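This briefing covers a structure with its sequence. The notes after it are grouped by topic.

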Amino acid sequence: MAKIVLDGVDKVYTGGVKAVDNLNLEIADGEFMVLVGPSGCGKSTALRMIAGLEEITGGDLIIGDQVVNDRPPKDRDIAMVFQNYALYPHMTVEQNLAFGLKLRKISKSEIKRRVSEAASMLGLESYLKRKPAALSGGQRQRVAMGRAIVREPQAFLMDEPLSNLDAKLRVQMRASLNQLHDRLGVTTVYVTHDQVEAMTLGDRVAVLREGRLQQVDTPKKLFDHPVNLFVAGFIGSPAMNFVGAELQKDGDGALLKFANHTISVPSSTFSQRPRLRDYLGREIILGIRPSDFDDAELQREGDPTMEVTAEVTEELGTEINVIFSIDAPPVQHEETAALAADAAGDGEEMEGTGMPLSGDRSVFTARVNPRSTVRPGSRLRLAVDATQLHYFDKETGQTIGNPDLE
Amino acid sequence: MSSKVERWCGLLILLVMAVLIVIPFLSIFLASLQPAGSTVTGLSLPENWSLDNYRQAWTAAGFSTLLRNSFVVALGVVPVSVALATLAGYALGTMNLRGENGLLLFFVAGLTIPVEFIVIPLYFNLQQVGLGNSLVGVILAEIALFMPFGVYWMRNHFRAMPRELVDAARVDGASSPVILRSVLLPLARPALTTLAVLVFMWSWNQFMLVLILIQDPDSRTAPAGLGFFVGQHGLDVPLLSAGTVIVLLPILLVYLFFQRSFIAGLLQGGLKG
């Protein structure tokens, strides 16, 4: 087992396309690191560079304590799980598992031991003599995992290994992946475009956009303290709501004004984010997580409220997603545009962004208590947790006065 | 259009095409059964069946030697062509080499050069290196001749394999030769068979190349034997037909034997693309 360090790693393709741009990432020994981002953000390229399947244009890649830039994959002692499993179709499950070990001249008895151990760990014992074509998707996926496990490598690299499974199986495999990592404790780098997967699996999550690292932190920190609009919008489902708002001084605290709504902000906000004072009297981008709303009828008194008309309600049993629009133009920023483009790619993940039905109005999503009596078309008073608001600079898209950055 | 009508239309078209293709062969076959020297018009059933033409044709044209020569050439050409095409196709299809597109274009350009174009200079070249009038010379020339298609064919086959399969093998620790031998070749059987059958057929049917490169009539290959029936004794259609059937038969047998994987190989590219 080993740590993996990417030190200023670049990938420039012939033709000048920069897929990965000065990536600095330190993955601790035994850590589960998830690389996440929309398609084309360079996460797969980064992974393939760690594997040695893609040449490194600049910077250093260190596995253990050696620079391995110029080593072929077979000398890096890593194992990889591919999106389409890449099982050898003409070999049985057993042969698939043993292939890499045979090439490494490991003794027959040791191969047998490792294969049967991995097979029992993954529940594959009864399929060992079958060929991949005779297996279900989930079983193939487990064989692909098994092929990595038997190698007992320094690190696992996984390239969207669950994305070919149906939703139910994906949740199940996610849980077993978690267990497996706890049990084996092998350094793992995991690539996905699915932020739910990233949040549930990662010890830490690295968010990439256009080849550049945006933020790397624990899932909780990413959720609570995103560094910019992009991370804020990418992490969390339904996605964070954005609106341009004016910050006005109001005694010790402040008022946020947007459309016909006013939210009062407690003074504690300024002690946590001192730089926010510089923005008093100016326009900022306000971010509100859907989960920081609730039906005011069911909420303790004291939080500021907004009166809205519910347009769509999604009753999920454990909560209700209320979709409503606000009489303010949607936030136009390079980073939210990137998010909208990604959401158009796979709609179900991020239902909040880029809904065209409202014309020049911002679409918001609120996640309220399932006991709420809200119905489509009904008026609803929403309480907002004003301590959990997110503030972004209108120009740069950076979080204003992020406590972690100060 | 309902699917039923569609199916019947399809069947009808196939039937018409099959008839169009089969009729000439049928007429050759029927003619070969007519008494030697008779005039043959259209599709006429012979009055008395006789295999005598075959006996005559066989001895007159010396097919035992010619067919043996043809087999020698085919046995020399097919394995070497397939092996070289596989190696080159593997490199061009999976290794992302610098300048591989230029190299591939160079190979494909070879497809556009007709053999008639190069056969005379080739004759002199082979004479110079002492391979004139020899089957070895023919074998080498044919291998080179079939290389453009072979390389293109195998390169496309390897390119159509999922890239991750090769990646997985590399991460598993396989070297390039091992990837080819243990991962790609076992999956390439349909493509290899198809290429081998095609090369066999082309080699077998090679007429002019052999005619020019080899002067000794006994060293020529089977198609050259057909020339024997034209001219020398006037045109004896039944004998010529019998000779034609003799020359055709090996190809027919090879095709029937490998039919299944031949068709699988042809379809493979289409289904994946």
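In the hairpin of β11(A) and β12(A), 2 residues lie between the strands, and A:G251 takes a positive phi near 65°. The model is predicted: local features need pLDDT of at least 70, side-chain atom pairs count only at pLDDT 80 or more, and totals for chains, interfaces and linings use all residues. Residues are numbered from 1 along each chain as its sequence is written, while chains are lettered from A and ligands numbered from 1 in the order in which they are written. Helices (H or I, at least four residues) and strands (E, at least two) are DSSP runs, numbered from the N terminus.

**Strands around the hairpin**

- Strands β11(A) and β12 (residues 253-258) of chain A pair in the antiparallel sense over 5 bridges; two strands count as paired if DSSP finds at least two bridges between them.
- Within this pair, A:L255 of β12(A) is the bridge partner of A:Q248.
- β11 (residues 241-250) of chain A also pairs with β14 (residues 283-288) of chain A, in the antiparallel sense and over 6 bridges.
- There, A:I285 in β14(A) stands opposite A:G244.
- The loop between α8 (229-234) and β11 of chain A holds A:P238, which is joined to A:S237 by a cis peptide bond with omega of about -5°.

**Chain A overall**

- Chain A contains 10 helices and 21 strands.
- For 406 residues, a compact globule would have a radius of gyration near 22 Å, and the 24 Å of chain A agrees with this; the radius is taken over C-alpha atoms, and the globule rule is 2.2 Å times the number of residues to the power 0.38.
- The C-alpha trace of chain A spans about 75 × 45 × 35 Å along its principal axes.
- Of the 406 residues of chain A, 45% count as buried. A residue is buried if 20 or more other C-beta atoms lie within 10 Å of its own, exposed if 12 or fewer, and partly exposed in between, with C-beta atoms placed from the backbone.
- Among contacts in chain A between residues at least 6 apart in sequence, 71% join residues at least 24 apart; a contact requires C-beta atoms, placed from the backbone, within 7 Å.

**Six-stranded sheet of chain A**

- An open sheet of 6 strands has the order β6-β7-β8-β3-β9-β10 (chain A), with mixed pairing.
- The edges are β6 (78-81) and β10 (212-217) of chain A; each has a single partner strand, so one side of each is left without a neighbour in the sheet.
- From one strand to the next the twist averages 20°. Axes are lines fitted to C-alpha atoms, for helices over the stretch in contact, and angles run from 0 to 180 degrees between N-to-C directions.
- β6(A) pairs with β7 (residues 155-159) of chain A in the parallel sense over 4 bridges, and the bridge partner of A:A79 in β7(A) is A:F156.
- Helix α4 (residues 137-149) of chain A lies across β6 and β7 of chain A and runs at about 175° to β6(A).

**Loop residues of chain A**

- A:E152 is found in the loop between α4 and β7 of chain A; its phi is near 45°, a positive value in a residue other than glycine.
- A:E152 is partly exposed, with 15 other C-beta atoms within 10 Å.
- A:E160 lies in the loop between β7 and α5 (167-184) of chain A, and its phi is also positive, near 45°.
- A:E160 is partly exposed, with 19 other C-beta atoms within 10 Å.
- A:C41 sits in the loop between β3 (32-36) and α1 (43-51) of chain A and is buried, having 27 other C-beta atoms within 10 Å.
- Not counting residues up to four places away in sequence, A:C41 touches A:L208, A:R209, A:E210 and A:G211.

**Three-stranded sheet of chain A**

- In the order β15-β20-β16 (chain A), 3 strands form an open sheet with antiparallel pairing.
- β15 (293-295) and β16 (305-309) of chain A are the edges, each with a single partner strand, so one side of each has no neighbour in the sheet.
- The twist averages 40° from one strand to the next.
- β16(A) and β20 (residues 379-384) of chain A pair over 5 bridges in the antiparallel sense, with A:V308 opposite A:L380 in β20(A).

**Chain B**

- The contact takes 17 residues from chain A and 14 residues from chain B.
- On the side of chain B that touches chain A, α7 (163-172) and α8 (176-187) of chain B are the elements that give two or more residues; the largest share, 7 residues, comes from α7(B).
- The residues on that side of chain B divide into 9 nonpolar, 1 polar and 4 charged. Ala, Val, Leu, Ile, Met, Phe, Trp, Tyr, Cys and Pro count as nonpolar, Asp, Glu, Lys and Arg as charged, and the others, Gly among them, as polar.

Notes: Two residues are in contact if their C-beta atoms, placed from the backbone, lie within 7 Å.
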